[in-house]
Structure formats: structure tokens, C-alpha cells
Amino acid sequence: MLKVEHLTKKFKSAVAVDDISFTLNQGDIVGLLGPNGAGKSTTIKTIAGLLRKTDGSINIDGYPSTTQEAKKKFTYIPEVPELYDMLTVWEHLQFIGYAYNVTDFEEKAERLIERYDLWDKKDKLAKELSKGMKQKVSICCGLLPEPDLYLFDEPMIGLDPKSIRETKLIFRELSEQQKTVLVSTHLLDSIENLCQRVLVMKNGKIIVDRTMEEMKLQLGNSESVSLEDLFLEVTKDE
Ligand SMILES: Nc1ncnc2c1ncn2[C@@H]1O[C@H](COP(=O)(O)OP(=O)(O)OP(=O)(O)O)[C@@H](O)[C@H]1O
Ligand SMILES: [Mg+2]
């Protein structure tokens, strides 16, 4: 579903993503982890086509990521919500509905608004929303087209506990529907029982690409070992 080969992204002389390769098969829910500045957002933005890659190739369902065919296959939920100040919550969803030609738009949009408790905010302008509400609208916009591949950059940031739970539920549903998800996060316990596999980045490189079971085995497979322990172990400086 997603094939990244030798991807490099440089900002002037600084290398933010340094020759990384990985593949996501259909149905994979994969966590993208790494300390601040590791290159997670740059990787996701480059896959989504918001940043131009310096080198390497990105294929989505067999199509180069910059083609129209590829762009129809995924949605991207950014680290910081990018909304239109002068559109209401509902107008955002309408816009996405038209842009992606979403069937049964109204039903799907209402369901999302309901799940994220945005019903009473439906006609509010984006500029009048709180930070967490903006994040919720951004997630709803990303989910609405129901694509095959989802690129989530820190989706839980700013969400209240109920919406975090709802988002986890949605991840589970996406997994059952054999959708493919790449999700970057620092909230390790939020993905601990969700992702089958994790990629850990550090200094622009992928230093770990393992299934959750392999990760746990590595540290003795004790029940008491958390993803947080594993993460701190693999990312610690020598
Ligand atoms: N527009 C930019 N111009 C120059 N350097 C950038 C730019 N965006 C990111 N970088 C640099 O690229 C590196 C990777 O940043 P990136 O945002 O991908 O990290 P991240 O893993 O998403 O971190 P965080 O966990 O803080 O979100 C950092 O060193 C950062 O300073
Ligand atoms: Mg980031």
C-alpha cells in the first residue's frame, strides 16, 4: 500500500530524513515513533506531497506519490490543524465531501460530528474554535473520504479523554476494515495495544522496524515491559 525507498529530505544542508526505506502492507497499523526532531513529521509531509523529497521514491498502491491516482488513495491529518478561518465546521466537511466526491456525505459527516461531540459547534467558524476542537475537525476531515491509507501526525495531541478514546476506537475499526494507517505519536500507551508494528526514527534514520511482539521479546517478553520502556531503551544515546 505504501512503499518508501531510500527517502531523503534535506533542508538546505540539514538532513531531516536520511535514506529511509519501509513498506506498509494493506491492513497494517504502524506507529511512527521517535524523539522530537527525529524526522517523523518531515517523513509524513513528504509522503503526503507537502514537502518535495530530495531523493528516493514513494509509491502509494503502486503509483508514485505525486500522481493523481496516488493522491486519491490517502488522507493526511497534520500535526497542527490547517483549517479555513472563515468556514464553519460543517462547511469544512462539505468542502472535503465535494473534493473527494464522498458518497452518502451527509450521513457520514453527521456521524463523525456526533462521535467527536461537535454537534453544537457545527455552524461555528473555524477561527472561533478551541485548539482541541480544531484538532477534532481536522480528524473528521481526514476520516470523511474513507481512503485506503491514513497518515496521522500526532492525532491525539490536544484531544480530551473522550475523543482520545473515540480515536482509538476508530483506529480499531480501520484495522478491521483492512485500511492502512501510519500514525506518529509520543503517547506510547495510546498505541500500545493498537499497532502491530512500530518504526522508530532517530536523527532522520529508522533505527527500529519491528513488530510489537519482536519488540517485547527483545526485552525479555515480561508482562511488565511497556512500549515506553522499549522506546527509551532503543533511543537512548550510547
Ligand atoms: N521547514 C523546515 N526548515 C528547516 N528545517 C526543518 C524544517 N522542518 C523541520 N526541520 C528540521 O528537520 C528535523 C526533523 O523535524 P520533524 O518536524 O520532522 O521532527 P519530528 O520527529 O516530527 O519532531 P516532533 O516530535 O517534535 O514533532 C528537525 O531537525 C527540524 O529542525
Ligand atoms: Mg512532528
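This is a predicted model: local features need pLDDT of at least 70, side-chain atom pairs count only at pLDDT 80 or more; totals for chains, interfaces and linings use all residues.
**Exercise 1. Check the span of α6 and describe where its buried and exposed residues lie.**

Solution. Step one is the span. The expected span of a helix is 1.5 Å times one less than its number of residues. For the 16 residues of α6 (residues 161–176) this should give 22 Å, and the end C-alpha atoms are 23 Å apart, which agrees.

Step two is burial. A residue is buried if 20 or more other C-beta atoms lie within 10 Å of its own, exposed if 12 or fewer, and partly exposed in between, with C-beta atoms placed from the backbone. S163, T167 and F171 of α6 are buried. Seen down the axis of α6, the buried residues fall within an arc of 90°, so they line one face of the helix; the arc is that of the directions from the helix axis to the C-beta atoms. The face turned away from this buried side carries the exposed residues P161, K162, R165, L169, E173 and E176.

Step three is the cover. Contact between two residues requires C-beta atoms, placed from the backbone, within 7 Å. What covers the buried residues of α6 includes β3 (29–33), α5 (131–143) and β8 (180–184).

**Exercise 2. Derive the strand order of the open sheet of four strands.**

Solution. Two strands pair if DSSP finds at least two bridges between them. Take the pairs in turn:

- β1 (residues 2–11) and β2 run antiparallel, joined by seven bridges; K10 has V15 of β2 as its bridge partner.
- β1 and β4 (residues 55–60) run antiparallel, joined by five bridges, and E5 stands opposite S57.
- β4 and β5 (residues 63–64) pair in the antiparallel sense over two bridges, with I60 opposite Y63.

The order is therefore β2-β1-β4-β5. β2 and β5 stand at the edges, each with a single partner strand, so one side of each is left without a neighbour in the sheet.

Now the turns. β1 and β2 form a hairpin with two residues between them, where K12 has a positive phi of about 50°. β4 and β5 also form a hairpin with two residues between them, and D61 in that turn has a positive phi of about 50°.

**Exercise 3. Describe the shell around ligand 1 by residue, element and class.**

Solution. A residue is near a molecule or strand if its C-beta atom, placed from the backbone, lies within 6 Å of it. The residues around ligand 1 include F11, A14, G37, K40 and T42. The elements that give two or more residues are β2 (14–24) and α1 (40–48), and α1 gives the most, with three. By class there are four nonpolar, six polar and one charged residues. Nonpolar means Ala, Val, Leu, Ile, Met, Phe, Trp, Tyr, Cys and Pro; charged means Asp, Glu, Lys and Arg; the others, Gly among them, count as polar.

Note on methods. Residues are numbered from 1 along each chain as its sequence is written. Chains are lettered from A and ligands numbered from 1 in the order in which they are written.
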